[in-house]
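Visitor: I am new to this structure and would like a close look at one part of it. Could you pick a single spot and show me how it fits into its surroundings?

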Amino acid sequence: MQLFTLQAVLATSLLTSMASAKTIRIDVGQTGLSFTPDSVTAAKGDVLEYHFHAPLPHSVTMGDFSTPCNPAKTGGFYSGVVQTASGENTNVFSVTVNSTDPIFFYCTVPGHCPAGMSGVVNPSSAQTLATYQKNSQSANVVAPPAAFGGTLGPASASTSSTSTSAGATASPSPTNGGGGGAYGGFGGGSTGGNSGSAAVGVSFVHFVGVLGAMVGVAVLMA
Ligand SMILES: [Cu+2]
């Protein structure tokens, strides 16, 4: 009886903690060469969900504030260039946030980033999107060699999804988690132990850890 109660309390607590992770929708190229919104606030565990729109090809990759329109030197993510025939693409690119430091992102299609196609997660007073975009105007656009750090696949069922499944997490390693040119979607096995500056992480591992702790406590109580 006592054990059951403890488990119920822990389970409720776990569900509450999972429900707090939110999915943040960002539209890509819906209104010209821009991300909408182009400035968002995110907590660790939240998922950035990029929705691509016709007619132009677009991409999203993480950059560094100091080198606009160039890939982040460590960690990050890249969707690859996504072409959308009409309307909104059925696939979205999802990235799990693992840091509250500013995360700048931009489109790698030639000309787009210098034209202002960039955005920021958790901007600071020292690192603003306005400054990044101003410095982007004369920047050379560089793209990572291949997609990595997120998953390209069907959108989550809800914009307030509580899912933090392994398929939605991302690895900072410079490989395409899904394998193959189609970016696989849900094949992305992630690795733990990401470096501190990585923007993406493994909330599923955290979930398993919490679950393990619950079981451990239950065993102690038995
Ligand atoms: Cu673009």
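Guide: Let's start with Leu129, which counts as partly exposed because it has 19 C-beta neighbours inside 10 Å. The cut-offs are these: a residue is buried if 20 or more other C-beta atoms lie within 10 Å of its own, exposed if 12 or fewer, and partly exposed in between, with C-beta atoms placed from the backbone. Residues are numbered from 1 along each chain as its sequence is written. This is a predicted model, where local features need pLDDT of at least 70 and side-chain atom pairs count only at pLDDT 80 or more, while totals for chains, interfaces and linings use all residues.

Leu129 belongs to helix α2, which spans residues 129-136. Helices (H or I, at least four residues) and strands (E, at least two) are DSSP runs, numbered from the N terminus. Setting aside neighbours within four places in sequence, Leu129 is in contact with Asp38, Ser39, Ser118, Gly119, Val120 and Pro123. Here, contact means that the C-beta atoms of two residues, placed from the backbone, lie within 7 Å. As for Ser118, it lies 11 residues from Leu129 along the chain, and the C-alpha atoms of the two are separated by 7.9 Å.

Now take the helix as a whole. Tyr132, Gln133 and Ser136 are its buried residues to look for in α2. They sit on the same side of α2 because they cover an arc of only 95° around the axis; that arc is taken from the directions from the helix axis to the C-beta atoms. Ala130 and Lys134, on the other side of α2, are exposed. Among the elements covering the buried residues of α2 are β6, β8 and β9.

Those strands lead us to a sheet. It is open, has 5 strands with mixed pairing, and its order is β3-β9-β8-β5-β6. At its edges stand β3 (39-40) and β6 (67-71), each with a single partner strand, so one side of each has no neighbour in the sheet. α2 packs on this sheet, touching β3, β6, β8 and β9, and its direction makes about 150° with that of β9. For such angles, axes are lines fitted to C-alpha atoms, for helices over the stretch in contact, and the angle runs from 0 to 180 degrees between N-to-C directions. Within the sheet, β5 (residues 61-64) pairs with β8 in the antiparallel sense over 3 bridges, and Met62 stands opposite Phe105 in β8. Two strands count as paired if DSSP finds at least two bridges between them.

There is also an open sheet of 5 strands in the order β2-β1-β4-β7-β10, again with mixed pairing. Its edge strands, β2 (35-36) and β10 (151-154), each pair on one side only. β7 and β10 run antiparallel and are joined by 4 bridges; Val92 has Gly153 in β10 as its bridge partner.

Stepping back, the largest nonpolar core has 33 residues, and Leu48, Tyr50, Phe104 and Tyr106 have the most contacts inside it. Such a core is a set of buried Ala, Val, Leu, Ile, Met, Phe, Trp, Tyr and Cys residues joined through C-beta atoms within 7 Å. The protein as a whole has 3 helices and 10 strands, and buried residues make up 40% of its 222 residues.
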